[in-house]
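Q: Could you take a close look at the aromatic side chains here, and at what sits over their rings?

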Amino acid sequence: MSNIRSLLSQELQTDPSLLLKISEISGFKEEEINSFLTNETVFLDFGKLLDVIDSFFPEQANDLIEHYIKSLNINHPTAQQVLEYVFINRLDYSFPFLYRMMGASNEENQNFASIYKFHYENYAKPFKYDFRETKSSPTLHAFKTIMEAYTLYKQVDVPTLIRKKEYVEYTINNFVKDEFIRNYYLLHHYRVLMGIMLDQNEIEECRRMANEILQLRKRVSLNFANNAYHCLGISYLFEDYDKGIYYLKKTRDLYRKMPQFPDSDIHSSINLHQMLWNREPEELRPNSNVIGDKHDIVFYFVHKHDFESAKEILFNIDESKISQRDSAFHFYLKGILEDDSDHLYKSIMLFKQIGNKFYIQLPINELKKKGMNPILLDTLLIN
């Protein structure tokens with residue numbers, strides 16, 4: 001397995017002037033670098049070392065990172081950075097490193113590992129750790145607020161989660177002094193809130209969080225980036241065709257690089273975006289039995305003014321067996337096909353019930369086309 005000490009030593013033997021460049025990239029003093037290269041008991045800040053690896057050995061990054069982590073003294077302060085890094089990236093050696101860190105003689109590192117162990121071993125359960133059992137640092141307090149927010153998300157308590165949004169972000173920014181960990185904690189927070197902000201039609205806030213995630217895309221798995229690109233793409237549905245399709249296709253391309261992950265509903269997002277802007281859809285799945293895919297075909301026939309074909313598909317869908325979200329789209333399409341405002345109002349009601357103020361604009365815009373009072377319709381977006 002590749003060793004960052006050996007590779008850097010080889011590079012410096014060839015070109016000693018690189019020492020200054022390494023120092024500039026990482027912020028390490030030259031004497032720190034020399035000590036690290038000549039003494040295997042010396043370890044450097046993990047986040048800064050990642051910058052060096054990215055700059056000099058990007059193709060060997062995974063091996064170099066794994067070797068460094070597996071050889072790291074678990075009592076070193078940077079072990080806390082590593083613990084957050086391995087879990088947010090779901091690396092195969094996450095738990096072995098965690099259990100090793102549980103044995104640290106450094107009490108702060110051991111406490112840090114205890115909190116992570118509790119959370120990740122009980123991931124599906126509400127976060128209810130008794131901090132009286134350990135000495136809680138400001139950083140761990142911030143971690144606790146994030147995991148409590150995760151619990152609210154899992155319990156679908158979105159109103160409480162939204163109310164706590166600013167508190168959680170404030171806590172992360174003001175309690176976590178380590179910049180590397182702080183950025184990752186913000187990423188935890190943003191990946192949950194980003195989609196919720198989109199549903200709430202808080203577009204600028206959604207885009208802010210998505211772009212913050214993308215600032216760290218070299219530090220996290222592709223799954224974070226594709227979620228951010230997907231949210232960005234959808235956010236332009238009613239605003240800008242070119243920007244929307246750009247981000248949606250970037251999302252699709254990333255999914256194709258990760259065959260182990262389902263492609264979510266990116267194909268439907270592309271179809272909807274293209275058809276709403278009077279473009280030919282690229283991602284239709286005519287042989288699929290998935291309700292969302294059938295709705296895509298219905299929308300396509302509506303787009304082509306082939307209402308008979310659209311009705312044949314839509315009216316053969318059992319409305320009693322589809323989810324609330326699919327029902328909201330279903331009655332939106334049904335309202336168009338039957339020219340029935342009641343169906344459009346039912347679509348609005350269903351979108352409101354699932355807390356989606358973004359897609360609710362679809363039936364509202366259709367009612368506006370029918371001459372309904374725009375001020376009255378806009379009030380439907382207010383809780």
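This is a predicted model: local features need pLDDT of at least 70, side-chain atom pairs count only at pLDDT 80 or more; totals for chains, interfaces and linings use all residues.

A: Here's a walk through the aromatic pairs, a cluster and the charges over rings. Residues are numbered from 1 along each chain as its sequence is written, and side-chain values use heavy atoms, with hydrogens and water left out.

The count comes to 25 aromatic pairs (Phe, Tyr or Trp rings, the six-membered one for Trp, with centres within 6.5 Å; planes under 30 degrees apart are stacked, over 60 edge-to-face, the rest tilted). One of them is Phe 112 with Tyr 116, stacked at 4.9 Å centre to centre with 20° between the planes. These two sit four residues apart in helix α8 (residues 107–121), so about one helical turn separates them. Both Phe 112 and Tyr 116 are buried (under 20% relative accessible area with a 1.4 Å probe, protein chains only). They also belong to an aromatic cluster with Phe 87, Phe 95, Tyr 99, Tyr 120, Phe 143 and Tyr 185.

Tyr 236 and Tyr 247 are stacked too, because their ring centres lie 6.2 Å apart and their planes meet at 15°. Both Tyr 236 and Tyr 247 are buried. Tyr 236 has a charge over its ring as well: Arg 207 lies over the face, 3.7 Å from the ring centre (the rule asks for NZ of Lys or CZ of Arg within 6 Å of the centre and within 35 degrees of the ring normal). Likewise, Arg 279 lies over the face of Tyr 241, at 4.0 Å from the ring centre.

Terms used: Buried means under 20% relative accessible area, exposed over 50%, partly exposed in between (1.4 Å probe, protein chains only).
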